[in-house]
Amino acid sequence: MSAGVLPYTVKPHPVTGLYSGKFGTWLFLASEVMLFGALFSSYVLLRVGAPETGPAAWPSHEETHLSWVIGGINTMILIISSVTMVMAWASFKMHDFAKGRTYLIATWLLAGAFLVIKLLFEYIPKFQHGYVPAKNNFFALYYTLTGLHGLHIIGGMIVIGYFIGPGSSLWRRDPEYYTNRIECTGLYWHFVDLVWIFLFPVLYLM
Amino acid sequence: MGGAHADVSKHMKAYIAVFVALAIGTILTVAASRIHVSTPAHIGIALTIAVVKASLVAAIFMHLKWESAPSIWWVLLVCVIFFVVLMLLPSLTTHDTPPQVVHGTWG
């Protein structure tokens, strides 16, 4: 589809006051808040409703064997990736394509590092030691929340990868449109970081 | 979002400042989990730091600080209202007790 087909990709829509991609992204993020909100609500319900003692009691940190060091490292990786993402947008905004693309590549690599750490140091060892979703309510929620978050990371990597690779041809045709698409990608990516900001204390520290 | 070249340059300082704040916030979250206070206090401290960190991400990285279009704020207002309802659901369930069964009313 050529850049001219979709209306209001660069100029603000007269009704919303925003270019349409940005308004659509915010609507999508609002729906994402509901998705993760429902799961956080489930977490509260199950944790508050868990008995004090017995096999159904909420497990302590010693029992879950989740490392706050690994969780903390991944938190920092996502925070840095948010910085590189917003720097990519700022570079494109200042017409520096090479710098912007470098920041995008850095963001993609950091996202990959997050997933590799999650998989190699958390998911695989946990499964090997029998800490599967069926073990208890905590692990059911842990895998649902972090798994859904991980899928969002993969989704982000696909989109960022597209704009590093084939999608970058848009820069030559319409740099402003390309920069706006990077801004929308960034909004999504910061939201993924924002969700993790809550997941880290809830699952690793509380 | 302001499109001027100079504006973006100014924003970059804010991005770095937020990064530092987020890093400090992460360290504080871990440190706070190690102090000996009650579980509700732990949860309160951790969630307060998380809300501050999330607000910084939304305000600076997601450019909400510089957004003036009312449409975004309307979307966010509705989103916040529904999010609060979702978070209140667990406490509402404690009031959702089954009605008492009355036996023998049919003679």
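## The second largest pocket

The second largest pocket of this predicted model holds about 310 Å³ of space. A pocket here is an open set of points on a 1 Å grid over the protein atoms alone, where a 1.4 Å probe fits, with protein on both sides within 12 Å along at least five of seven lines. Its volume is the space filled by probe spheres set on the points, which are joined across faces, edges and corners.

Sixteen residues line the second largest pocket, and those nearest its centre are A:Gly21, A:Thr25, A:Arg181, A:Cys184 and A:Thr185; a lining residue has an atom within 4 Å of a point. In chain A, H1, H5 (137-164) and H7 each supply at least two lining residues, with H7(A) giving the most, six. Helices are DSSP runs (H or I, at least four residues), numbered from the N terminus.

By class, this lining has nine nonpolar, six polar and one charged residues. Ala, Val, Leu, Ile, Met, Phe, Trp, Tyr, Cys and Pro count as nonpolar, Asp, Glu, Lys and Arg as charged, and the others, Gly among them, as polar.

## The largest pocket

Now to the largest pocket, with about 950 Å³ of space. Among its 32 lining residues, A:Val33, A:Leu194, A:Phe198, B:Val51 and B:Phe83 are the closest to the centre.

Both chains contribute: H1 (20-49) and H7 (175-205) of chain A, and H2 (39-61) and H3 (70-93) of chain B, each supply at least two lining residues. H1(A) provides the largest share, 12 residues. The lining comprises 28 nonpolar, two polar and two charged residues.

## Conventions

Residues are numbered from 1 along each chain as its sequence is written, and chains are lettered from A and ligands numbered from 1 in the order in which they are written. In this predicted model, local features need pLDDT of at least 70 and side-chain atom pairs count only at pLDDT 80 or more, while totals for chains, interfaces and linings use all residues; side-chain values use heavy atoms, leaving out hydrogens and water.
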